[in-house]
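Hi,

Here is the model I promised to pass on. Have a look at it first, and my notes on the pockets and the overall fold follow below.

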Amino acid sequence: MFEQVEAYPGDPILSLMDDFHSDKRAEKVNLSIGFYYDEAGLVPVLDTVKAAKSKLDAVNPSANLYLPMDGHPAFRKAVQQYLFGEADPQAANRIVTLQSVGGSGALRVGADFLKRYYPESQVWVSDPTWDNHLAIFSGAGFSVNRYPYLDETGSHVAFERMLACFDQLPAHTIVLLHACCHNPTGIDLTPAQWDSVFELCRQRSLIPFLDAAYLGMGDGVDEDAYAIRALAKAGITGLVANSFSKVFSLYGERVGSLSVVCKSEAIAERVSGQLKGTVRTNYSNPPRHGAELVATILNDDELREEWRAELEGMRNRMIQMRNALYAKVKEINPELNVEYLLQQKGMFSYTGLTAEAVDNIREQHAVYLIRSGRICIAGLNESNLNAVANALAKY
């Protein structure tokens with residue numbers, strides 16, 4: 001039995017983490033996985049999360065019952081407002097938001113739902129994209145294709161080529177888009193470009209599926225939510241997967257959400273029911289604790305503003321690290337073009353390094369990047385900056 005089962009090659013990022021932990025070199029630097037680290041090189045517990053835990057502990061404990069299939073009600077309401085802003089009640093009633101098991105769970109529930117109602121559709125993702133996008137949608141049974149995203153220089157969005165690709169797609173094609181802080185490139189669409197994309201989706205009856213894991217890490221929460229809110233205003237149907245892992249530093253709690261923007265309240269009610277059915281046949285109910293933490297913070301005016309300030313501090317530290325790394329590399333090798341460090345946004349930077357160069361940097365300098373050449377900027381600090389700059393300056 002199971003003799004036909006082939007070996008699992010492993011996830012490229014998680015497998016690299018295993019290699020990092022096995023590396024005995026004291027000077028090793030981890031810039032691979034998407035964790036936010038503070039200046040001390042630690043994944044922080046936010047002060048607002050600590051305060052929310054204290055508030056929850058102070059409440060008389062009740063039985064730890066299952067949540068509803070679509071999640072914690074206070075969480076869902078707060079998250080919908082967080083994502084879509086102060087929408088009018090009529091608009092809010094045609095948006096369905098449910099709690100999910102992280103952003104990956106939101107993507108998979110959305111993929112399973114779409115596969116049921118659009119079984120002949122295909123999925124298009126940006127080239128490049130987060131590797132798990134391909135695995136999640138192909139695992140749900142979709143054929144997954146790549147649309148052009150970067151121009152020849154690797155420093156700007158190839159927007160005309162991207163639109164031309166979309167303009168050739170059949171109706172009901174699912175287009176996966178990064179809402180902000182594009183992973184792995186850190187290069188985003190402008191508001192005007194987002195408007196053009198959604199207008200083309202309307203004309204071609206395409207289904208945009210936005211992945212939002214880094215709201216607030218690019219230009220700020222409201223600025224980074226532009227694409228999500230523009231989708232809701234565009235009068236088209238679309239999906240939004242959201243994660244609180246990075247922005248609340250709640251990785252292990254697996255807190256996420258899936259929202260579906262519908263054309264009417266009646267459609268939204270039916271979609272809500274079928275999404276619950278999709279959850280029931282997957283993980284049945286989402287976890288409670290992380291959702292309670294996020295709901296406590298988002299529904300408390302004071303805690304919510306304190307959290308925004310903490311997130312802004314995280315964003316500013318990453319900007320400082322970008323500037324510092326740029327300056328140090330240029331000091332070592334003035335001829336090297338590292339302008340991308342200043343132009344890109346969010347947790348990641350796309351270096352353009354070849355897989356061979358990444359392997360050499362890991363072997364010779366103990367600096368770990370993923371083989372696409374992506375750097376996790378949040379892993380930089382004053383103690384490892386020189387080592388990383390010296391490694392990059394040689395390539």
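Which helix supplies the largest share of the lining of the second largest pocket? That would be α11, with four residues. Helices here (H or I, at least four residues) and strands (E, at least two) are DSSP runs, numbered from the N terminus.

Before the rest, some housekeeping. This is a predicted model, so to speak of local features we need pLDDT of at least 70, and side-chain atom pairs count only at pLDDT 80 or more, while totals for chains, interfaces and linings use all residues. Numbering runs from 1 along each chain as its sequence is written, and side-chain values use heavy atoms, with hydrogens and water left out.

On to the pockets. A pocket is an open set of points on a 1 Å grid over the protein atoms alone, where a 1.4 Å probe fits and protein lies on both sides within 12 Å along at least five of seven lines; lining residues have an atom within 4 Å of a point. Points are joined across faces, edges and corners, and volume means the space filled by probe spheres set on them.

The largest pocket holds about 740 Å³ of space. It is lined by 34 residues, and Ile13, Ser104, Trp130, Asn132 and Lys246 are the closest to its centre. α6 (131-139) gives the most to this lining, five residues. α1 (12-22), α5 (102-117) and β6 (207-212) are also among the elements that each supply at least two. By class, the lining has 17 nonpolar residues (Ala, Val, Leu, Ile, Met, Phe, Trp, Tyr, Cys and Pro), seven charged (Asp, Glu, Lys and Arg) and 10 polar (the others, Gly among them).

The second largest pocket has a volume of about 490 Å³. Of its 21 lining residues, Tyr118, Ile207, Thr237, Lys263 and Ile267 are the closest to the centre. At least two residues each come from α5, α8 (191-204) and α11 (265-280). This lining has 13 nonpolar, five polar and three charged residues.

As for the chain itself, there are 16 helices and 11 strands. Its radius of gyration (over C-alpha atoms) is 21 Å, which agrees with the value near 21 Å for a compact globule of 395 residues; that rule is 2.2 Å times the number of residues to the power 0.38. The C-alpha atoms fill a box of roughly 60 × 55 × 55 Å along the principal axes. Of the 395 residues, 54% count as buried (under 20% relative accessible area, 1.4 Å probe, protein chains only).

Cheers

Key: Buried < 20%, exposed > 50% of the residue type's maximum accessible area, 1.4 Å probe, protein only.
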